[in-house]
Amino acid sequence: QAHAKVWHTYKEHFEPYQKGMISIVLGSHWIEPNKLEDESDISKCQKSMERVLGWFAQPIHGDGDYPEELKNEFLFLPHFTEDEKNYIKGTADFFAFSFGPSNFKPPNTLPKMGQNLSLNLREVLNWIKLEYNSPRILIAENGWFTDSHVKTDDTTAIYMMKNFINKVLQAIKYDNIDVFGYTAWSFLDGFEWQHAYNIRRGLFYVDFKSKKKERIPKSSALYYRQIIRENGFFPKDSTPNLQAQFSCDFSWGITESVLKAESAASSPQFCDSSLYLWNVTGDGLLHKVEGVKLKTRPAQCTDFVSIKKQLDLLEKMKVTHYRFALDWSLILPNGDLSVVNRQVLRYYRCVISEVLKLNIQSMVTLYYPTHTYLGLPGPLLQTGGWLNQSTAYAFQDYAALCFRELGDLVKLWITINEPNQLSNVYNRSSNDTYRAAHNLLIAHAMAWRTYDEQYRSSQYGKVSLSLHSDWAEPANPFFESHSKAANRFLQFEIGWFANPIFKTGDYPATMREYITFKNRKGLSYTLLPSFTSEEKQLVKGAADFYALNHFTTRFVIHEPQNGSQYEFDRDIQFLQDITCLSSPSRLAVVPWGMRKVLRWIKKTYGDIDIYITANGIDDPSLDNDELRNYYLGKYIQEVLKAYYIDKVKIKGYYAFKLTEEKSKPRFGFFTSDSKGKPSVRFYNSLISNNGFPADYSVCGPPSHQKQCSFCLLVSQKKPLIFFACCLFSTLSLLLAIIFFHKRKRKKRFKAKSIKCICVSF
């Protein structure tokens, strides 16, 4: 009633000449049902909101009375007379709303009713719109808090503010909610009610222990000023989308992980010389006829059942290149050349040769380790794996075998996939991590030298290694420590392997200096290996192109850490930007990060050829993968900008990946049972257009494709064409026999007729 009296007083005595508006600020939490389809849970959430927000909002913005549920449950609530209802009803010119930590703490004071508290401001605004007939809304108080020890680096508050304002924008743009203003809480650090001085909520830091109580702007104040200046959020890269194409020889590829040769069993129908009898009426089994041997033909690539499936999928993808990995442990089960599995090698050669018949070149990866499957032959694992330098020499022998057996068909080789991610495996200590990485670098370099000296002159191929190359962005751009942390991440993650190969033959100076700094302070006991002069000469320049796997952008903060672990040596932590579009595996969709990392590679390592050997996202949908389509379109557009505007020498793009695996993140264009998704057609269109052309395509199909299209059809449909020819020949012969017999019968009939006429005369 006090509020209503003030409102009526203002309307009667002040509004006519002040022309102002007046309301009351109401605060609330937000709550969501445990089960969206459970009406009981939904009802509990509604009751919770009515108890907190509806208590005051319903009389003022509704019908002038308390919510019915509230009156039924709390009989001690005062009753409004009809005059009071009419007096209170509508006494607000807008809905002033407060949403922040004070509305959620302490949790035990909230009527949660077993449901889930949520910070989704957009949903609360929608509830207000539906409950109170679409009022005009002012966000009168909104913000978050930091602990009392935090001074001006309130990065968490920045991202919470970004999230809240982003939700308000979504409510305005997509839900047509009339929000006309936003007010951040609060201007200065101060006394926060039940929290006293234990938390800080100000945009300006106040030193309470100082006599002058200095006020220093926090990073959230600088960020809020930026939002006000831009009146919202501008994209990091404001370059408009290009309508252009890549070069006509650009490689459009698809990536697959390790091909398991043992899963592609050879069909025995042409290889087994035995004769079998099928006991149809008895046990239904095949029984070998002893002493009888049939003539067989030599084994052929078409005997492998799985290859046909791969060819079908690749034909649908319409790519020019196919990247897959060999299984080292299958080819050399003993880890050396004492036992070579020729059947597995033949399988891989068949894959490459059959794919070539589709005019698709193979990019072959020799070694593809993951954190769940290291992929080393058993004996090498038993002797320490990559902690043992002898593994590098074993890899050199393995690489030489593959170059010799497959190199005449392969023009692009990847020695090792993502060696800079093996810290997930060799993580007992930082010394183990760096020792394993050192041996991996030596192994790659020796394999590259082997190809360069023995096979390049006859095979004309190129060799490199693929590095995981996500971009790093300072989580708080207003603090230099975050920018330094982002650069440190790039040096520890990418420069760790790229610097020795593409630059100096040694690890980055940033890496060595920072580890030394931590050792001096007693925060780490890491020893980064040193390269001998021979090793530097071996490693430096040991790559023909830069190959990168890029999936997302990481937001990095400086966070000092103690201990001798690779992750601790970097003194960084990652922050998840909850306003970013993300996948189920929490990969943030940040397209501009792709262009930034490509420019950084060019700036850091020179004008070298670059292949994007894996780029993709997990999409949970099996039949409508819109997230993947969006991701592909945006990321390839950024690749085009880097190629066209920044003059980065990008030679190819390989989407990740061809097929997905069961019970794993869904990265595949095809399901585990080979069902294609809509993204296949979308990627097809990008490939056929060679980018994003304006009206026409500069590049036609390659001349060899024009000339050999009929040959390609014949090679793909050999069995069908052979069957059709046999059928046609059989039908022709049958028709000829029928025609011959009909003519013969006619002649006999004529002869009999003439004979009958002669007798009658």
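A salt bridge is defined here as a side-chain nitrogen of Lys or Arg within 4 Å of a carboxyl oxygen of Asp or Glu. By this criterion, 36 salt bridges are found in the whole structure. The structure is a predicted model, in which local features need pLDDT of at least 70 and side-chain atom pairs count only at pLDDT 80 or more, while totals for chains, interfaces and linings use all residues. Residues are numbered from 1 along each chain as its sequence is written, and side-chain values use heavy atoms, with hydrogens and water left out.

Helices (H or I, at least four residues) and strands (E, at least two) are DSSP runs, numbered from the N terminus. Both Glu256 and Lys657 are buried; buried denotes under 20% relative accessible area, exposed over 50%, and partly exposed in between (1.4 Å probe, protein chains only).

A salt bridge also joins Asp408 and Arg349, at 2.8 Å from N to O. Arg349 belongs to helix H11 (residues 342-356), whereas Asp408 is in the loop between helix H13 (390-406) and strand E17 (412-417). Asp408 is partly exposed, at 43% relative accessible area, and Arg349 is partly exposed at 30%.

In a further pair, Lys357 and Glu354 have their closest N and O atoms 3.0 Å apart. Lys357 is partly exposed at 40% relative accessibility, whereas Glu354 is buried at 11%.
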